[in-house]
Amino acid sequence: MQTQTLERMESGVRTYSRSFPVVFTKAQNARLTDEDGREYIDFLAGAGTLNYGHNNPHIKQAMLDYLSDDGIVHALDMWSVGKRDYLETLEELILKPRGLDYKIQLPGPTGTNAVEAAIRLARVAKGRHNIVSFTNGFHGVTMGALATTGNRKFREATGGVPTVGGSFLPYDGYMGEHTDTLDYFEKLLNDKSGGLDVPAAVIVETVQGEGGINVAGIEWLKRLEKICRANDILLIVDDIQAGCGRTGKFFSFEHAGLTPDIVTNSKSLSGFGLPFAHVLMRPELDKWKPGQYNGTFRGFNLAMVTATAAMKKYWSDDTFERDVQRKGAIVEERFQQLAGLLSENGIPATERGRGLMRGIDVVNGEIADKITSKAFEKGLIIETSGQDGEVVKCLCPLTISDEDLQEGLDILEASIKAVI
Ligand SMILES: *Cc1c(COP(=O)(O)O)cnc(C)c1O
């Protein structure tokens, strides 16, 4: 396998190719093939961008048809059939059945673009600067979004320019299971001397992906929404990683019955791994002046075509979400057994997650790395998350076959046994 050019020319900023230093050629659903013809089961799935698998045939066909017809690929933010179909399908299959009424902003194509747009919209709408986010939250690395991202590695990469406009509060469980961290938020809001600038918005992940699969309790999320409503603060749910079915519902906040004021989606939104993001906002919040927030790549038509195909294929009824929940239960049970096995061997591991967004916290990053490296040797692509990389995280395609899921879990078990 030739890797010299890649190693020589690509900046040291590269990350995933360090964990998986092979050259991939092909992929189909949950399987990747490298240049030597070796196959891998993919429990990383483009960091959660491939919920419907690699090269999903239904989605790919829709894209090929659109291209064969000379459909508009780039249009700035002009209108196209691709965009109209996308908005209609989103309204009919996703928003209306869930009783949600949102306007849609198409920002630049990445997650952090959507977060930037969301927090700026909140500021414009409320006339306040502060955005509350939570410990271990990850919302992207452009300056505005970075001000709401906890991870020190990213925060230190600004060359000393301070990130401003955000305040961190403890996420659910941060102070141990007996402390409701929202008591602190409520107290600060009611204390004129508490030092917290009344925020325009709170931004939250219902399950923290990069932060280590930390799961906010349903009651905690409901209370957070209540506090926001009572204090005229907007609630932004960053569903970039947990959305698009990952937790077993299209939106992760459906589990708690929330109605966020603003929602961000990206990662799996295109359904095909294409760069694409949108911001959903309650219609009355749409205070933007024309072009006040812009970008050249706003609404990538090819991604809207694939996103539409994904919604039509998987979200016309609840068959798919029930299947995700079923597979989530399989992973949960197996991860609990694996956590038990680790614990019996002196590593007090725990399992957590929601739907197919699950992890095993093995307490330290070194052990987690050993497990994922061993897994890679044995043909499984799986990554870690958490502040110290201590959580082995399963983000397999939601469409993975039961056989591949079992095989991936078997490899993980063998890897854990090899490490303990
Ligand atoms: C990945 C992620 C982002 C950032 O998305 P990018 O496309 O990497 O900019 C923001 N929020 C959450 C919750 C994410 O998981």
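The model is predicted, so-called local features need pLDDT of at least 70, side-chain atom pairs count only at pLDDT 80 or more, and totals for chains, interfaces and linings use all residues. Residues are numbered from 1 along each chain as its sequence is written, and side-chain values use heavy atoms, without hydrogens and water.

**Exercise 1. Describe the ligand's surroundings and its polar contacts.**

Step 1. List the shell, taking residues with a heavy atom within 4 Å of the ligand. They are Thr 110, Gly 111, Thr 112, Phe 138, His 139, Gly 140, Glu 205, Asp 238, Ile 240, Gln 241 and Lys 267.

Step 2. Sort them. Two are nonpolar, six polar and three charged. Here Asp, Glu, Lys and Arg count as charged, Ala, Val, Leu, Ile, Met, Phe, Trp, Tyr, Cys and Pro as nonpolar, and the others, Gly among them, as polar.

Step 3. Find polar contacts (N or O pairs within 3.5 Å). A side-chain N or O atom of Asp 238 is 2.7 Å from a ligand nitrogen. A polar backbone atom of Phe 138 is 3.2 Å from a ligand nitrogen. Lys 267 places a polar side-chain atom 2.7 Å from a ligand oxygen.

Step 4. Check the cover. On its own the ligand has 380 Å² of accessible area (Shrake-Rupley, 1.4 Å probe). The protein covers 83% of that.

Definitions and conventions: Near = heavy atom within 4 Å. Polar contact = N/O pair within 3.5 Å; in protein donor to acceptor, adjacent residues only side chain to side chain.
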